[in-house]
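I opened this notebook to record what I looked up, chain by chain, and how each term was defined.

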Amino acid sequence: MKKKLLLFLRTLNARAYVRIFGQMREATWVVASVLGGFFTMTTYIYLYRTLGTGSEFTGLVVLGGFMTPFFMNVLWGVATQLYWEKEMGNLELMLVSPAPLSAFLVGLSVGGAMHTMLRSLAVLFFGIAVFKVQFTVLHLPLALLVFLVTLFSMYGLGIVFSSLFLYHGRDAWRTADLVMEPTNVLSGSYFPARFLGLGLVGIAALIPTTLGLDALRQLLVPSFTVKVLDWRWELLILIGLGVVFVFIASWALRAVEYKARRDARLTLRWQ
Amino acid sequence: MHTAIQVENLSRVFNRRGTAPFHALRGVSFDVSYGEIFGLLGPNGAGKTTTIKIMSTLLLPTSGRVTVAGFDVEKDYTHVRPLISLISGGETSGYGILTVEEQLWMFSQFYGMETHVARARIEEYLKVVGMWDSRRQQMNRLSTGMRQKVNLVRGLVTDPKVLFLDEPTLGVDVEASVIIRNIVRDWVREKPERSVILTTHYMAEADELCSRVAIINHGLILANAAPSQLKQDLDSRAHYEITVDRLDGDQLDHITASMGEGNDLVLGSDKVTQSPMLVAHLMHESDIARLITALAGQGATLEYMRKLEPTLEDAFLKMVGKRFEDEEEASPVS
Amino acid sequence: MKGFLASMYIGLQIESNWTKKWVWLLYLAAYPIGSFLAVIILYGVFGQKTGLLPYALYGTIFYYSLSMVFFDMAFSVHDDREHYQTLKYIFLSSTSYRTYLCGRAATRYLIALAGIIINLCWLIPVLRLPFHPNWGYLIAGAILGYLVAAGLGLAVASVFLLTIKLDVDVVDALFGGLFVLSGALFPPTAFPAVFAKIAEFVPMSPFIELMRRAISGKILTSFLSDMSTFQLLGRVALSAAVLFALGWVLVFFGSRQAQRKGYIDVTTAF
């Protein structure tokens, strides 16, 4: 057991290392992340000024802009990664090793989350420093907890998706590309999710950013009233979702790996 | 247990949409002992890589059974994986943004190695392959040969029991190929519980390295023996090439008659000197003395003589029915 | 011309052969929805009073027709070089790389336009968008739009020929900036005066505004309202010619520089 745990942690650490330190060698991403954050923020602020929704709305979208890069990272950095690893010829080496696939994906998630943090912090910085958006810091530790639980749940979902990419190729990639923006919209990145109506919110709540964002808005924006549920309930649901996703992911990765070994899909490139 | 790998009646069928099922393997059986370098030879599409993929847990067989170190690759694959390593020729795996040292460390972590142990082995093997000075270079700046040396080190650092080498010297220059072959040979000799499965297109490589080779074609094992045995089985006669200063057809007939039945002599000419050249296929090695005496009897002076040894390629030619390169050109890619 | 058509065909295969034809047609129709869904909700729910839904929706949709081409051309350099490892063979072929890129761009542009047309067929009646098309301007605008998109795409490709690692964040930031400044989502008059002025000179702004006017038959906001539609067409034609020529020259120099640096067949394992 101890040996297995150590193997998991060492794999996680090594895979996260590639994401964090490997990427640092290409300095352009820092500039791009900061600029990307600035443009995201500018778009939101001027869009809401045009809409005439009042300044309190800008706080909500800053938080949306803060969470969106993580959502993108889950979809493009985690879910599709096994597809890219296969295309690069790494997947077979990963599979031949004793390390579980989940360890690679968790490592990728940790590395990806840290990598994404810069862009998210840039959004927050421009929102607060340039556009004078105000947040309350009264519940900062709780907000941090909600944020971390949301990440846990969201990356759990990403690992579930990644099992699909283990078997499928461009078809899964195209599907992810297709659903990315509509899903981002429905999870309330640009406006309070409550406006979608309870039916749609119920479906959108399967994406952890929906409730995570709603809870963060309740904790950090005092004037926010159009909540979906009380943040405490949302936190509990997010924990539940995270646990369920982790279980599904662990089962799905094994099942899909077996299926891919059977159908000769593990090393099939340019699929 | 002396068997590192046991392959029993292995079959694999690929079902492809719109085409007839492709039988990549049709009842392949062989075993590999510890301490052995075992070669799988065959043209493209013969089933070599499919066999390697099944043995290395990347692909399931349609039927049959494979065990590695006593573990079934289908059911006990989690026990198999810590014991094996896979190196493919021409692979561009890994991450170009990492340095050589980082890349090797990363893969060692996937095997749960302690960092200090991994670093010591990385240093040891990088020095062996002559790449210690390049340890801080990024992977994407390495030449093909250097990259393949790093791949070899990656496979060895984790100290596997079974090493799968799939065309390890593909696209690599002569010097790097020699280094790779020497390292593989020394690595197996170092510990008796290690073994290597090698697929290669280079007959000389298999001849030099392997204690046994299996010739595979169209998913069937055509022969499985030591290279020397395969060559010996090819033809029990002794073959010589003899260049003399003069010899005509009548003289040859005379000599042939004197040599007796079963000894064939073919007269040609040396491509460079244009001198008469005799190719002799003799029943017994000792018959060469009689032949030289007979030549002298006809007044021919010996200019040059060499014994023709059958090669593994000749054995392949006999088994598969075509020259290896011809097969290469004619076969579809698997 | 043969090379151009062959490149178009390759582009079509890359875009479509991952699935069955009918699934791809559904995909083609559904894909643009992601680009305008947020616009419908934001302007439909929160910005009803502004009356800017047609402006933002048409703007976003036509920006989409351009952005698809930029993205595709930026990625195609890396995809061909690293993933499919065919860039060197394209360079060796008798078709020039610029022609190849233009062929790829044409396919992507036509696919984007097809998706737009399919969606406008339901968006216009359902959302009661103003629809008084001037077909002449629309067709001329669509043709010039290809040149604008291909010109920018060629310029982007020339830069990516000289980088050996694709950074998605860079592409994202570049097109994020162009999106804000082109006035696709909201009138740039909302910006401080200096940025509003800059927005007028962003190469996509006149094209997007031309298409808005050509399809709605109206001038929807004060942005670029001092120009007549004909003047706008002239401006688009000028920017299309300049951009296309610039892109053409940049790829020429980019290719030569890439050859000099040995970047044509470099693989970095991404």
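Domain bounds, as I use them here, come from an automatic or database domain assignment. The model is a predicted one: local features need pLDDT of at least 70, side-chain atom pairs count only at pLDDT 80 or more, and totals for chains, interfaces and linings use all residues. Residues are numbered from 1 along each chain as its sequence is written, and chains are lettered from A and ligands numbered from 1 in the order in which they are written.

Entry 1, domains of chain B. I looked up the assignment and found domain 1 (3–227) and domain 2 (236–308) in chain B. The centres of these two domains of chain B, taken over C-alpha atoms, are 46 Å apart.

Entry 2, the four-stranded sheet of chain B. I noted that helices (H or I, at least four residues) and strands (E, at least two) are DSSP runs, numbered from the N terminus. Two strands pair if DSSP finds at least two bridges between them. I found an open, antiparallel sheet of four strands in chain B, ordered β2-β1-β4-β5. β2 (22–33) and β5 (71–72) of chain B stand at its edges with a single partner strand each, so one side of each has no neighbour in the sheet. Strand β1 (residues 3–14) and strand β4 (residues 63–68) of chain B run antiparallel and are joined by five bridges. In this sheet I located B:Ile5 opposite B:Val68 of β4(B).

I recorded a second open sheet, with mixed pairing and the order β6-β7-β8-β3-β9-β10 (chain B). Its edge strands, β6 (84–88) and β10 (220–225) of chain B, each pair on one side only. Strand β9 (residues 212–217) of chain B pairs with β10(B) in the antiparallel sense over five bridges, and B:Asn217 stands opposite B:Leu220 in β10(B).

For angles I used axes that are lines fitted to C-alpha atoms, for helices over the stretch in contact, with values from 0 to 180 degrees between N-to-C directions. Two residues are in contact if their C-beta atoms, placed from the backbone, lie within 7 Å. Helix α1 (residues 48–55) of chain B lies across β1, β2 and β4 of chain B, at about 120° to β1(B). I also found α1(B) across β3 (37–41), β7 (162–166), β8 (195–200) and β9 of chain B, running at about 150° to β8(B).

Helix α3 (residues 100–109) and helix α4 (residues 115–128) of chain B pack at about 130°, with their axes 10 Å apart.

I found that the axes of helix α3 (residues 56–79) and helix α6 (residues 101–130) of chain A come within 8 Å and cross at roughly 155°. That makes α3(A) roughly antiparallel to α6(A).

I noted 35 residues of chain C in contact with 33 residues of chain A. On chain C, α2 (21–30), α3 (33–46) and α8 (168–181) each supply at least two residues of the side that touches chain A. The largest share of that side, nine residues, comes from α3(C).

Note on methods:
Parallel < 35°, antiparallel > 145°, perpendicular 65-115°, else oblique.
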